[in-house]
Amino acid sequence: MPTTVLAIGLVLNALMAGLYFGFSTAVMPALARTEDRNYVTSMQRIDESILNPRFLTTFMGALVVPIVAVFLHLGDDGRDRLPWIVAGAVLYGATIVITGAVNIPLNKQLRAAGDVTDRSAPAVRAAFHHRWTRFNTARTALCTAAVVALTVALARPMT
Amino acid sequence: MSVKRLLLSAAATTVGMTTGVMYCYQTAIMPGIGRLTDREFIAAFQAMDKEIVNPVFVGPVFLGGGALLVAATVAHRDEPRRFGRLATASVVYFAGVVAVTMAGNVPKNNTLADFQVASSTIQQAAAARQQFDGSWNRLHIVRTLASVASLVVLSIAMVTNPRQNI
């Protein structure tokens with residue numbers, strides 16, 4: 001049971017790390033090269049699409065499941081794994097804080113801009129792009145570190 | 001940390017990242033740009049395709065995941081139960097993710113990359129998108145599911161008791 005929960009936590013964190021990495025390595029550099037209106041519209045549509053139940057379950061599950069795993073490893077037999085699981089949960093927790101403090105407010109601002117014109121798009125883009133991208137890079141790094149911590153935990157046997 | 005454990009962790013991290021990138025396309029990118037007009041859709045996909053073929057993703061993550069899986073499999077050849085599971089994860093990854101990408105998605109990406117959005121008519125863009133969209137997404141579901149399956153089997157291999165045989 002503790003092992004299964006930890007493995008599920010790892011898979012969920014891997015999905016999130018790769019998702020952030022996908023934005024860092026493909027989506028944002030690509031949008032950066034498109035013209036302003038296309039940039040804003042594309043990001044608005046992606047933002048609308050990502051707010052789906054499956055994604056939100058992954059997003060929250062990647063925090064909740066490792067926390068449950070922490071509790072399941074509090075006994076003596078889990079002590080080799082425990083610090084690594086705690087590290088994973090804290091690192092992922094930091095990505096949620098960043099998301100809530102930076103990325104979600106920027107997404108809301110982008111949504112509020114509605115249908116942009118060629119004239120209004122540059123300002124909307126300028127207020128969004130650099131800050132969102134910078135903090136997404138931070139999420140990618142933190143979440144990847146969480147995945148590493150959880151794989152290290154999983155590779156250690158229960159004693 | 002032993003070499004075996006290091007290989008397992010490194011394989012899980014890289015295969016995990018690949019899986020997440022597949023999931024990113026599945027749950028955010030394709031549904032998102034799928035709602036753009038034909039020309040916007042093609043321009044957005046072309047731009048992303050150009051960017052994702054970069055040394056970090058293609059090297060250590062996408063191919064690195066496969067290489068580390070194989071290395072982890074070979075390293076566990078003296079543990080039949082783990083070996084079998086790691087071999088399964090490797091086969092699923094190479095067949096369902098790498099081969100589908102090379103034989104399915106990449107040729108479609110290349111065809112779309114040649115399409116000139118700026119000089120195209122609305123009808124030409126609609127036709128190019130129709131040629132691409134549905135079949136690309138079908139192939140992509142295979143990659144997403146295969147990468148998740150590979151990661152799950154790899155996780156099971158990681159927690160398989162090394163002393164257990166068959």
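1. In this predicted model, the axes of helix 1 (residues 3-33) of chain B and helix 3 (residues 55-75) of chain B come within 8 Å and cross at roughly 140°, where axes are lines fitted to C-alpha atoms, for helices over the stretch in contact, and angles run from 0 to 180 degrees between N-to-C directions. Helices here are DSSP runs (H or I, at least four residues), numbered from the N terminus. Helix 1 of chain B and helix 3 of chain B are therefore oblique to each other, since angles under 35 degrees count as roughly parallel, over 145 as roughly antiparallel, 65 to 115 as roughly perpendicular and the rest as oblique.

2. Helix 1 of chain B passes helix 3 of chain B in a left-handed crossing, a term for the near helix being turned anticlockwise from the far one by less than a right angle. Among the residues that make the contact (heavy atoms within 4.5 Å) are B:Leu7, B:Ala11 and B:Met22 of helix 1 of chain B, together with B:Phe57, B:Gly64 and B:Leu68 of helix 3 of chain B. The residues of this contact divide into 17 nonpolar, four polar and one charged, with Ala, Val, Leu, Ile, Met, Phe, Trp, Tyr, Cys and Pro counted as nonpolar, Asp, Glu, Lys and Arg as charged, and the others, Gly among them, as polar.

3. Also in chain B, helix 2 (residues 38-52) and helix 5 (residues 122-158) pack at an angle of about 55°, with their axes 9 Å apart, and that makes helix 2 of chain B oblique to helix 5 of chain B. Helix 2 of chain B passes helix 5 of chain B in a left-handed crossing, and the contact includes B:Asp38, B:Arg39 and B:Phe45 of helix 2 as well as B:Arg129, B:Asp133 and B:Trp136 of helix 5. The residues of that contact divide into nine nonpolar, no polar and four charged.

4. B:Leu139, found in helix 5 of chain B, is partly exposed, with a relative accessible area of 23% (buried means under 20%, exposed over 50%, partly exposed in between, with a 1.4 Å probe and protein chains only). Leaving aside neighbours within four places in sequence, B:Leu139 is in contact with B:Val100, B:Gly104, B:Asn105 and B:Lys108.

5. In chain A, the axes of helix 1 (residues 2-32) and helix 4 (residues 82-112) come within 12 Å and cross at roughly 40°. The contact is made by A:Leu6, A:Asn13, A:Met16 and A:Tyr20 of helix 1 of chain A and A:Ile85, A:Tyr92, A:Thr95 and A:Thr99 of helix 4 of chain A, and these residues divide into five nonpolar, three polar and no charged.

6. A:His73, in the loop between helix 3 (53-72) and helix 4 of chain A, is buried, with a relative accessible area of 0%. Not counting residues up to four places away in sequence, the residues that A:His73 touches include A:Leu6 and A:Ile85.

7. Residues are numbered from 1 along each chain as its sequence is written, and chains are lettered from A in the order in which they are written. Local features need pLDDT of at least 70, side-chain atom pairs count only at pLDDT 80 or more, and totals for chains, interfaces and linings use all residues, while side-chain values use heavy atoms, with hydrogens and water left out.

Definitions and conventions. Helix = DSSP H or I, 4+ residues; strand = E, 2+ residues; numbered from the N terminus.
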